Amino acid sequence: MTEKHEFQTEVSDLLNLMIHSLYSNKEIFLRELISNASDALDKLNYLTLTDDNYKSLNYTPKIDIKIDKDAKTLTISDTGIGMDKDELISSLGTIARSGTKGFLANLSGDAKKDSNLIGQFGVGFYSAFMVADKIEVLSKKALNEEANLWISDAKDFSIKPAKKDTHGTQITLHMKDDEFLNEYRIENIIKKYSNHIAYPIFMDKEEFIPAKTDDESKEIEPSKSEIKNTQINRASALWRMPKSSLKPSDYNEFYKQISHDSADPLHYIHTKAEGTLEYTTLFYIPSVEPFDLYRVDYQSGVKLYVKRVFITDDEKELLPVYLRFIRGIIDVEDLPLNISREILQENRVMATVKDASVKKILSELKKMMDSDREKYLKFYNLFGRVLKEGLYGFTPYKDEILNLVLFKSSKRDGLISLKEYKEAMKDDQKEIFYITGKNSQMLKNSPLLESFNKKEIEVLLCDDEIDAIVMPMVFEYDKTPIKPVSSAKFEEELNQDDFKELTSKIKQALNDEVKDVRVTSRLDKSASCLVYDENDPDFATQQILKQMGQENLPKILPILEINPNHEIIKKLKDNQIMLNDVSKVLLGIAKIQEGINLENSDEFANLLTKFIEKAI
Ligand code: ADP
Ligand code: MG
């Protein structure tokens, strides 16, 4: 009995896009099908090594490709785990994995752009409908008796019981045209995307037997050809090969295979550890931002192997969150294959490997920073913000990360490191200063920097959102305290008493808008500025807290500081007729300079108009 099924709506949309949009990179369908076959072989391989029920299973792990030019079909078969009926329906009728969801979320509606996305994301099994108008999937799950045949023309799909000798999956594509019914084309695509999957891929291929020349008779035999079933990929775990035998192009090709990225990586780090603990790691830094970098449900980019056996690619704890842009492989010798997730987290061997990996990646980045600043800047612009997350809380490698972060500066262009900041510090400067806010132009002109500029003290301009959260958690760099500009104490102590009367009157005028009013020596040209109480979050931090969902923050009032040397303040001290209005304007200006929206902008505008009228 044949059962008919509808595709989930998202799948139908996706298939429509695949079929009706322009696409530039159709060939990736093969990469996707081979990668699924390889996953299925991984799963079975793992079970035969860890589960007694599968131990007696006798099979050759491999993938076969067949081209039938007459029938216009391309067939991809594997001896992997296979799918039962329910799995066929759910895996090939709905969208489960976040990669495909991410693809759908990134669609722009512009067919040309979106078809590039297909290449980038892969979009798995369904991408086969770019090249085939009908697909048959014959599958038998290992240890099961019955097999099933799934058939679809992309509109809906049907499923019925079928016969299949061996376990595994056989996918037959009824091709739209001849483009991929060509051995050379297929071989090249496999070499390009799937050369280093762990299993051999076989295909019938015409081989030429070179003509033999017989010197004596001078007779030349005609060359012959014969069809041979040939392995066309290397099928070696690339990360286990000696570095000396690998070319950059080998590394790049392997990267594209494991990351599904179409661009070359920015950098790779291949490490083989021998001795008490044996393991191999191959890490890549991408040259483009992974689409899910800032999503909570991002996918781990690191695959864990034990003795070359694939264990998981779904373990986010393999590297710390602030290194989630890393793609690659960790292959450990000294772990049991059937290690469970829970044990994995507490396992000492694993902890040591993880720790060494983090150290290695961070030190490699430092090397890059010192030897190739241009490349490092590329890295930093892509992933610097993620790396900074490592400064939050009490992470073990804070010092190493501090060596890697870069900042804009109030005194120079470009980005500088903390080391470079320290080297340029004046002899009597004891602290590193920073200011946080929305954009560096505004920060550069902040009244809070006036005294720093006058004294030629450099200030780090922290205009990344994350800076507001992270910088207060960084207390020192290389024994030098790191402080926000608002906490700077300047030498000339002001006698607050001289201004007691004035400041308390201003405070009265601004009653519930400020926490306090006081005179300051931090200002030069400006008459007023805003700071926050030492124990209160500053404005940039408040913004972040709100964004993170802390809606019901208590209202945090700023402190208005006034410049006793400014003409306005001097005059105000002697003549307080307009004190109420002037106080409001002083607060308004200070808010604007901090990038704070004025709640009562109409009142502010009226006041300014009134003052201009008087002045004119
Ligand atoms: P993904 O591989 O990211 O999960 P795909 O669209 O490529 O997404 O495949 C969907 C699912 O279909 C797979 O997760 C797997 O469960 C199943 N599948 C596809 N091809 C095979 C295969 N050759 N053998 C076994 N299962 C398969
Ligand atoms: Mg897949």
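The points below begin with conventions and domains and then take the packing in turn.

1. Conventions. This is a predicted model, in which local features need pLDDT of at least 70 and side-chain atom pairs count only at pLDDT 80 or more, while totals for chains, interfaces and linings use all residues. Residues are numbered from 1 along each chain as its sequence is written, chains are lettered from A and ligands numbered from 1 in the order in which they are written, and side-chain values use heavy atoms, with hydrogens and water left out.

2. Domains. The assignment lists domain 1 (3-207 + 222-231), domain 2 (238-378), domain 3 (405-487) and domain 4 (496-615); such bounds come from an automatic or database domain assignment. Taken over C-alpha atoms, the centres of domain 1 and domain 4 are separated by 66 Å.

3. H9 and H10. Helix H9 (residues 348-371) packs with helix H10 (residues 373-388) at an angle of about 135°, and their axes are 8 Å apart. Helices (H or I, at least four residues) and strands (E, at least two) are DSSP runs, numbered from the N terminus. Axes are lines fitted to C-alpha atoms, for helices over the stretch in contact, and angles run from 0 to 180 degrees between N-to-C directions. The two helices H9 and H10 are therefore oblique to each other (under 35 degrees counts as roughly parallel, over 145 as roughly antiparallel, 65 to 115 as roughly perpendicular, the rest as oblique). Leu362, Leu365, Met368, Met369 and Ser371 of H9 meet Arg373, Lys375, Tyr376, Phe379 and Leu387 of H10, contact meaning heavy atoms within 4.5 Å. By class, the contact of H9 with H10 comprises seven nonpolar, one polar and two charged residues; Ala, Val, Leu, Ile, Met, Phe, Trp, Tyr, Cys and Pro count as nonpolar, Asp, Glu, Lys and Arg as charged, and the others, Gly among them, as polar.

4. The six-stranded sheet. Six strands in the order E16-E15-E18-E17-E20-E19 make up an open sheet with mixed pairing; two strands pair if DSSP finds at least two bridges between them. Strand E16 (416-417) and strand E19 (476-477) are at the edges with a single partner strand each, so one side of each has no neighbour in the sheet. Strand E15 (residues 406-409) pairs with E16 in the antiparallel sense over two bridges, and leucine 406 has serine 417 in E16 as its bridge partner. H10 packs on this sheet, where it touches E15 and E16, and its direction makes about 95° with that of E15.

5. The three-stranded sheet. Another open sheet, of three strands, has the order E21-E23-E22 and mixed pairing. Strand E21 (516-519) and strand E22 (528-531) are its edges, each with a single partner strand, so one side of each is left without a neighbour in the sheet. Direction ignored, neighbouring strands here are turned by 25° against each other on average. E22 and strand E23 (residues 559-562) pair in the antiparallel sense over four bridges, with glutamate 561 in E23 as the bridge partner of cysteine 529. Helix H16 (residues 500-509) packs on the sheet and touches E21 and E23, its direction making about 150° with that of E21.

6. H16 and H19. H16 packs with helix H19 (residues 579-594) at about 80°, with axes 9 Å apart, which makes H16 roughly perpendicular to H19. Leu502, Lys505, Ile506 and Ala509 in H16 meet Leu579, Asn580, Ser583 and Lys584 in H19. The contact of H16 with H19 has four nonpolar, two polar and two charged residues.

7. H19 and H20. The axes of H19 and helix H20 (residues 601-615) come within 10 Å and cross at roughly 120°; H19 and H20 are therefore oblique to each other.
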